[in-house]
Amino acid sequence: MTRWLLWTLAGLLLGGIVHLSTILVLPRTATQDAYARLEPLTPVNTMTPIPGPTPAKAVLPFMDPAFAVAVCRYDLANGPMKLTAPVSQAYTSVTFYNRRGIAYYGINDRAAGRRTIELDLMTTPQHDAMPEEADVTAADRLIIESPTTTGLIVVRALSPEPALMPMAQAALAGARCRSAQ
Amino acid sequence: MRLLLATLYTFILAAAIGLGSTWFALTHDAGFGALRIGSWTARPRAGTGGIDPYARAGLARSGVLPVALGDGVAFVARRDDQGRLFDGRCDTIVSGTTPAARYFTLTLYDPDGRLVANSLNRQGFTSEELVRNQDGSFEITIAPRARPGNWLPTGGVERYILVLRFYDTSVGVATRAEREAPMPAIKSMGACS
């Protein structure tokens, strides 16, 4: 009897290890995460408008239907990127997601404090490789360090009422992401 | 033989417990750092690089892009203030005030995060669209049939969830209590069709 109790205890412990390892490994094996869903719709390093969610069809679950959305699927392998996004009348935000869909940086129009949001995106080694003077002259530039080489930049513009959606989409049409060179 | 049987038993038990608990955690929205106010739950830390492993696995499974903390915070409700799951065939009233934010949006989804079709083609309200009382509070009626005032149609679905997102708000990782973030009450009215 005691022996079976011991085996059960071993099973419970092993079960705990199985639980923790599956939770940790799952993000690496996911085939339907946000990046994978956006991949067929978005050319790399180009700002692309994403169709808004409808009851019949949505690119991603839980999208806010009050927002116009544009996505830049970036790859920093060939050097840093530059993002410019004009501010719409109501509310505009820029969010940076890594390859696994984790939001590592987000900023809104008021925090950016200008009519256009301008950001430089680079990996940590690329930032380290920047000449020092360039860093000084770039004091008014906002530099974001990406934890992964690939990821997503998502620009969102609020349409305060449904009739204003074309205006929000027009504001996003001016958003660009391109190579910094 | 005895040893083989016991080892097999241990492994089967481990697999059942390990995989079962993982499945349960992912389907029941488990995680750390939840901010619960009334019936509303938010995970401000899930919008940062400091996201916990459970929320991380949840994102990978669902494909959701979370609201970043520098952008805003999203509160989810699945039940009314009496603890009953939302029923789209009944009338539910969301009323009160919200924490300070430049804008907020309230959206109705099915449990998988899809919008729900209805004759009005309305899936939510932004803070600008709401008709408010004199003191700035509001009342939204979520019902299958047309109601006066702020009517959010359910399309008659059995189950739905509500997401209340605040943009440019002070609510975040440091928020602890209702006093800092007054959230609207959710009441079922008992009238079902």
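**Where the chains meet**

Modeller: Happy to! Let me begin with chain A, whose domain assignment gives domain 1 (1-29) and domain 2 (34-179). Taken over C-alpha atoms, the centres of domain 1 of chain A and domain 2 of chain A are separated by 41 Å. Four residues from domain 1 of chain B and four residues from domain 2 of chain B make up the contact between them. On the domain 1 side of that contact, three residues are nonpolar, none is polar and one is charged.

Please keep in mind that this is a predicted model. The predictor gives the complex an ipTM of 0.88 and a pTM of 0.90. For chain B, the mean pLDDT is 90, and 99% of the residues reach 70 or more.

Now to the meeting place itself. Here 52 residues of chain B are in contact with 48 residues of chain A. On the chain B side, the elements that give two or more residues are α1 (2-27), α2 (53-62), β5 (101-109), β6 (124-126) and β9 (161-169) of chain B. Of these, α1(B) gives the most, with twelve residues. Sorted by class, the side of chain B that touches chain A has 26 nonpolar, 16 polar and ten charged residues.

D71(B) sits in the loop between α2 and β3 (72-77) of chain B. It counts as buried, because it has 27 C-beta neighbours inside 10 Å, and the cut-off for that is 20 or more. Setting aside residues up to four places away in sequence, D71(B) touches S93(A), T95(A), G106(A) and N108(A), along with Y167(B). Within chain B, the C-alpha atoms of D71(B) and F166(B) are separated by 8.5 Å, although these residues are 95 residues apart along the chain.

The largest nonpolar core has 92 residues, and L83(A) and I153(A) have the most contacts inside it. Strand β2 (residues 67-75) of chain A gives the most to this core, with seven residues. As a general point, nonpolar side chains tend to be buried together in soluble globular proteins. Leaving aside neighbours within four places in sequence, I153(A) is in contact with C72(A), Y74(A), L83(A), V94(A), F96(A) and C177(A).

In α6 (residues 165-173) of chain A, they are A168(A), A171(A) and L172(A). Seen down the axis of α6(A), these buried residues fall within an arc of 100 degrees, so they line one face of the helix. Their cover includes β1 (47-50), β2, β3 (81-86), β4 (92-98) and β8 (150-158) of chain A.

A111(A) counts as partly exposed, because it has 14 C-beta neighbours inside 10 Å. From A111(A) to L26(A), the C-alpha distance is 35 Å, and the two are 85 residues apart in sequence.

How values were computed. Residues are numbered from 1 along each chain as its sequence is written. Chains are lettered from A and ligands numbered from 1 in the order in which they are written. This is a predicted model: local features need pLDDT of at least 70, side-chain atom pairs count only at pLDDT 80 or more; totals for chains, interfaces and linings use all residues. Two residues are in contact if their C-beta atoms, placed from the backbone, lie within 7 Å. Helices (H or I, at least four residues) and strands (E, at least two) are DSSP runs, numbered from the N terminus. Ala, Val, Leu, Ile, Met, Phe, Trp, Tyr, Cys and Pro count as nonpolar, Asp, Glu, Lys and Arg as charged, and the others, Gly among them, as polar. A nonpolar core is a set of buried Ala, Val, Leu, Ile, Met, Phe, Trp, Tyr and Cys residues joined through C-beta atoms within 7 Å. A residue is buried if 20 or more other C-beta atoms lie within 10 Å of its own, exposed if 12 or fewer, and partly exposed in between; C-beta atoms are placed from the backbone. The arc is that of the directions from the helix axis to the C-beta atoms. Domain bounds come from an automatic or database domain assignment. pLDDT is the predictor's confidence in each residue, from 0 to 100.
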